[in-house]
Amino acid sequence: MKLSIIIPYSHELTYIRDCFTSLNEQTVRDFEVVFVSDHAATDDLAMIKQEPVEFPIRFIELTGERTGVAAARNEGIKNSKGEFIMFLDCDDFIEKTAVEEFLEAADDRDLVYARRRRTPYGRDGYYADRERILAEQAAMNTTEETDPDEQDSEGEESLFTEYDVNDPDDWIGVFTKIIVIDPAMTAISALGIIYRRSYLIENDILFDESYRCFPDLPFVTRAMCETDRVRRLTTFLYMKRKHSDPVKMPSLAQRTDDAVKHVEIMRAYRTAKEKDKLSGTYAALRLDGKFIRYYVTRISPFFLRGEKSDIPEVYSETQKTLGLISDEAKKKSKRYSRRIVNYSMNHPAEKIAKKVRMHSRRQTLVRIMKSRSQTKRFFYRKFYATGKIKEKTVMFESFFGRNYSDSPKYIFEYLSKTYPGQFKCVWVRADNKKLRLPYPSKQVKRFSFRYFYYLGKSKYFVFNVRPPKYFIKRDDSIFLETWHGTPLKKLGTDMDAVFMAGGTDIVAYKKNFTDNSKKWDYLIAQNAFSSETFRRCFEFGGTMLETGYPRNDIMHAEPSVMEEKIRETKSALGIPDGKKIILYAPTWRDDEWYGTGQYKFTLKLDLDKLRETLGDEYVVVLRTHYLIVDALELDRYTGFAFNGATFDDISLLYLISDILITDYSSVFFDYANLKRPMLFFCYDLDKYRDVLRGFYFDLEELLPGPLVFTTEEIIDTIRNLPSVMEEYKEKATGFYERFNGWEDGSASKKVVEEVFGLS
């Protein structure tokens, strides 16, 4: 047996399949797996043992009081049989060629290191995201695959010219790469490395089991310092997965107290610095730089914000540690970093805390002076979100102020019509957007001073998207979150990965989501499924209004009201009489974006074929999602294709349409109120379902209309619409009863009476 792969396990059942799949796909199978259970649940182990594996695997269990990743890895070393050892965390995975490349490079080496990449995604998501990155690099004529995590801090990047760290067989070069692979001090790792087993045993190189979180730095330092027979590979072979849910499935570091982490990091740093072979090397300098950053950003603020009972121990450890930082590393660090390190060596914890507070206030002042947006937020925090609240003021926002629409619109109209003059209504509008409002109200530009004023002073808030994360929920204010659809795609904490504009970190995304939902007093649900799902995925603890969506009241209005709205909408769009209308309303693709909140969209619907075959009877209205910024080029299709993307209220587009074509958008849950035909154009179903988001339902079981994958199929379905709809009649009826049974045209009334205390 050439290689033993040691996998410690405690509770990460969600991730184990990706880990095992990556091993099943190895191009070389000369390895065994030693799976070490750290007091794992019996049910977990039973399920893991049922996973299909194509490699030898032995299950070992820690017994007694021994626990932790260090103990599990040591037990794995003890029970391994391979010539080499690799540690693989059960929430991580490796490249298909990892074993082959490691073993080819091993030769007479005691240690072979390869590059690691951190990812918030599972295997499918990771490979899809990598394809996107490589495509972008190819478009920019860039051939080298880069890793944004491989960087260091404290201004040391210029030091590469002073040392030769690029020799793949040079000891200090390899160790330096291990040190700098990630900017975080906590990320120095024993992972992504294979070790000769006999070398570890003969030199008694084991993990210190007294560490709960960070045993890797002492282990790796010792493993590196006892040999010169090392090699570095430049390829990425190990994928370190970030835990996506710090609440339901936290990593070890995420569930450990800060005081423990700080003490362990300082212990590990001191242990590494004790090695004579490391002294004076470039690796030591980079290690010093990382520790300075950790001290400045994590430990020194702890003296200000940490638990008082923990401060003495952390302070005691700093006094043993700070003196080990080299003068050269301090010189290379930023001025404040250098000053706070030197100050901390000669002053008590309470004075360090005072110094940190003063620095924080200075930084805040600088940000306020340099940034108008920061100035506005400062006024919001200090002045607007304090003092007396405006009892009868209601702030409305729909889709970040981009239009006058959705449930906030219909709540506003019911409130204004039924209780005229009783409330001051303030609508948020986007920059350069003037909303056409039918009742007296005030408009404020989003992120203006007036916006922040009303964000701080309003009694009521009616939003259909999340408020800014810095929104301050005052005790005597009431926040109504209407949301904007029954979820087909997974939401909030139910999501395994986040492919969003700007490369959103899934951990931050989920935390922001749940922190935000704690500020909501009321949340509207369209149906029982939404009510249950929203409770869970938003971790919502307020009052759920099980009323259906106010925006759908219009689809249950009196026939005369609906007919008038249809005439007005057709006129506004310029649609001629006598034509049937196809509404095409696709959603965005999470992995196709220009920047934060700005999504691309490529039209896959062949308008030429549609016009050629259906143009005598039909016209098409295209309505893309509000986050899509690509403008539709429809000049060639004048009289046949109409742009509904800039039309505020999609509910009115439902009214005028005879057929809906959509994909994974939640619009079909609303459109079902009209009991009209729906087609589902899912040309990228496998990718969207299996990689980007994941669904709550099996589409083929759920959808009240046919799945179509090409324009030709759409045309054929529309030509045979009566027979197709007869085929889906029973399913459509069941769908309506399940998802629209609460909606009868009175949702606005019910919501207003409950939230505003009116009757």
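**Notebook: helices, a sheet and some single residues**

I began with a helix pair: H13 and H14 cross in the right-handed sense. I note at once that this is a predicted model.

**Entry 1. H13 against H14**

H13 covers residues 335-344, and its axis comes within 10 Å of the axis of H14. The axes cross at roughly 160 degrees. Angles over 145 degrees count as roughly antiparallel, and H13 and H14 are therefore roughly antiparallel to each other.

Which residues of H13 meet H14? I found Tyr336, Ile340, Tyr343 and Ser344 on the H13 side. On the H14 side I listed Lys351, Ile352, Lys355, Val356 and His359.

**Entry 2. The two sides of H13**

I then sorted H13 by burial. Tyr336, Ser337, Ile340, Val341, Tyr343 and Ser344 are buried. Looking down the axis of H13, I saw these buried residues fall within an arc of 165 degrees, so they line one face of the helix. The face turned away from that buried side carries Arg335 and Arg339, which are exposed.

What do the buried residues of H13 pack against? I noted H14 again, together with H10, helix H11 (311-321) and helix H12 (327-332).

An α-helix has 3.6 residues a turn, so residues three or four places apart point the same way.

**Entry 3. H10 against H14**

H14 has another crossing to look up. H10 runs over residues 282-305 and H14 over residues 349-370. Their axes come within 8 Å and cross at roughly 110 degrees. Angles from 65 to 115 degrees count as roughly perpendicular, so that is the relation of H10 and H14. This crossing is left-handed.

I wrote down the contact residues as well. H10 supplies Tyr295, Ser300, Pro301, Phe303, Leu304 and Arg305. H14 supplies Ala349, Ile352, Ala353, Val356, Arg357 and Ser360. Ile352 and Val356 of H14 also stand in my list for H13.

**Entry 4. The sheet**

Next I turned to the strands. In what order do the 8 strands of the open sheet run? I read E3-E2-E1-E4-E7-E6-E8-E5, with mixed pairing. The edge strands are E3 and E5, the latter at residues 93-94, and each pairs on one side only.

I checked one pair in detail. E1 and E2 pair in the parallel sense over 7 bridges. Leucine 3 has phenylalanine 31 in E2 as its bridge partner.

Then I looked for helices on the sheet. H3 (residues 69-79) packs on the sheet and touches E1, E2, E3 and E4 (84-87). The direction of H3 makes about 150 degrees with that of E1. H8 (residues 216-225) packs on the sheet too, touching E4, E6 (111-119), E7 (193-196) and E8 (230-241). The direction of H8 makes about 55 degrees with that of E7.

**Entry 5. H2**

I went on to H2, residues 42-49, whose buried residues are Asp44, Leu45 and Ile48. Down the axis of H2 they fall within an arc of 95 degrees, so they line one face of the helix. Thr42 and Asp43 are exposed on the other side of H2. The buried residues of H2 pack against E1 (3-9), H1 (16-24), E2 (31-37) and E3 (57-61).

**Entry 6. Two residues with positive phi**

Tryptophan 483 has a phi near 55 degrees, which is positive in a residue other than glycine. I located tryptophan 483 in the loop between E13 (478-481) and H18 (506-517). Lysine 675 is not a glycine either, and its phi is about 55 degrees. Lysine 675 sits in the loop between H23 and E22 (678-681).

Is tryptophan 483 buried or exposed? Tryptophan 483 has 7% relative accessibility and counts as buried. Lysine 675, at 62% relative accessible area, is exposed.

I looked up lysine 409, which lies in H16 (residues 406-418). Under 20% counts as buried, so lysine 409 is buried at 9% relative accessibility. Leaving out residues up to four places away in sequence, lysine 409 touches Tyr404, Trp427, Asp649 and Leu652.

Where is serine 666? I found serine 666 in the loop between E21 (659-662) and H23 (667-671). With a relative accessible area of 18%, serine 666 is buried. Beyond residues up to four places away in sequence, serine 666 touches His484, Gly485 and Thr486.

Notes. Residues numbered from 1 in each chain as written. Predicted model: local features only at pLDDT ≥ 70, side-chain atom pairs only at ≥ 80, totals over all residues. Heavy atoms only, no water. Buried < 20%, exposed > 50% of the residue type's maximum accessible area, 1.4 Å probe, protein only. Helix = DSSP H or I, 4+ residues; strand = E, 2+ residues; numbered from the N terminus. Arc of directions from axis to C-beta. Contact = heavy atoms within 4.5 Å. Pairing = 2+ DSSP bridges. Axes fitted to C-alpha atoms, helices over the stretch in contact; angles between N-to-C directions. Parallel < 35°, antiparallel > 145°, perpendicular 65-115°, else oblique. Left-handed = near helix turned anticlockwise from the far one by under 90°.
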